Amino acid sequence: MASFLERWLVEAVKPTVRNSTYESYRMLVRRHMGPELGRVPLTRLTAQQIQGFLNRKHASGLSARTVQYIHAVLRRVPGQAECWDLV
């Protein structure tokens with residue numbers, strides 16, 4: 001998952017959004033998603049794992065808005081993985 005997220009940021013996100021949006025996504029991936037979801041193989045990531053991850057982030061004291069941003073980023077992942085024939 002970690003290598004996919006890094007590739008996704010550079011190849012799919014950066015060319016299509018403002019630099020500030022890219023930097024925001026990059027920070028969320030590196031600070032939150034990568035450390036916890038990075039070792040999960042992309043093909044084995046489940047909705048339950050994502051929900052548990054989001055619940056843990058909320059319980060850790062992150063603001064509801066930050067958790068919403070993380071969720072918004074994660075919602076884009078399956079579609080791109082499918083486009084790239086990775087799942």
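**Exercise 1. Determine whether Phe-4 is buried or exposed, and characterise the aromatic pair it forms with Trp-84.**

Solution. Phe-4 has a relative accessible area of 6% and is therefore buried; buried means under 20% relative accessible area, exposed over 50%, and partly exposed in between, with a 1.4 Å probe and protein chains only. The model is predicted: local features need pLDDT of at least 70, side-chain atom pairs count only at pLDDT 80 or more, and totals for chains, interfaces and linings use all residues. Residues are numbered from 1 along each chain as its sequence is written, and side-chain values use heavy atoms, with hydrogens and water left out.

The structure contains 2 aromatic pairs. For a pair, rings of Phe, Tyr and Trp (its six-membered ring) must have centres within 6.5 Å; planes under 30 degrees apart are stacked, over 60 edge-to-face, and the rest tilted. The rings of Phe-4 and Trp-84 are 5.7 Å apart, centre to centre, with 70 degrees between the planes, an edge-to-face arrangement. Phe-4 belongs to helix α1 and Trp-84 to the segment after α4, so the pair ties together parts 80 residues apart in sequence. Helices (H or I, at least four residues) and strands (E, at least two) are DSSP runs, numbered from the N terminus. Trp-84, at 22% relative accessibility, counts as partly exposed.

**Exercise 2. Classify the ring pair of Trp-8 and Tyr-25.**

Solution. The ring centres of Trp-8 and Tyr-25 are 6.1 Å apart and the planes lie at 15 degrees, so the pair is stacked. Because Trp-8 lies in helix α1 and Tyr-25 in helix α2, the pair ties together parts that are 17 residues apart in sequence. Trp-8 is buried, with a relative accessible area of 1%, and Tyr-25 also counts as buried, at 17%.

**Exercise 3. Describe how α1 packs against α2 and against α4.**

Solution. Two packed helices are described by the angle between their axes and the distance between the axes. Axes are lines fitted to C-alpha atoms, for helices over the stretch in contact, and angles run from 0 to 180 degrees between N-to-C directions.

Step 1. The axes of α1 and α2 come within 11 Å and cross at roughly 175 degrees. This makes α1 roughly antiparallel to α2; angles under 35 degrees count as roughly parallel, over 145 as roughly antiparallel, 65 to 115 as roughly perpendicular, and the rest as oblique. Among the residues making the contact are Leu-5, Trp-8 and Val-13 of α1 and Tyr-25, Val-29 and Met-33 of α2, where contact means heavy atoms within 4.5 Å. By class, the contact of α1 with α2 has 9 nonpolar, no polar and 3 charged residues. Here Ala, Val, Leu, Ile, Met, Phe, Trp, Tyr, Cys and Pro count as nonpolar, Asp, Glu, Lys and Arg as charged, and the others, Gly among them, as polar.

Step 2. Helix α1 (residues 2–13) and helix α4 (residues 64–83) pack at about 85 degrees, with axes 11 Å apart. Helix α1 is therefore roughly perpendicular to α4. The contact includes Phe-4 and Trp-8 of α1 and Val-73 and Arg-76 of α4. Its residues divide into 8 nonpolar, 1 polar and 1 charged.

**Exercise 4. Describe the surroundings of His-32.**

Solution. His-32 lies in helix α2 and, at 8% relative accessibility, counts as buried. Leaving aside neighbours within four places in sequence, His-32 is in contact with Met-27, Phe-53, Lys-57, Leu-62 and Ile-70. The side chains of His-32 and Lys-57 are joined by a polar contact of 3.3 Å (a pair of N or O atoms within 3.5 Å; within protein, one must be able to donate a hydrogen and the other to accept it, and residues adjacent in sequence count only if both atoms are side-chain atoms).
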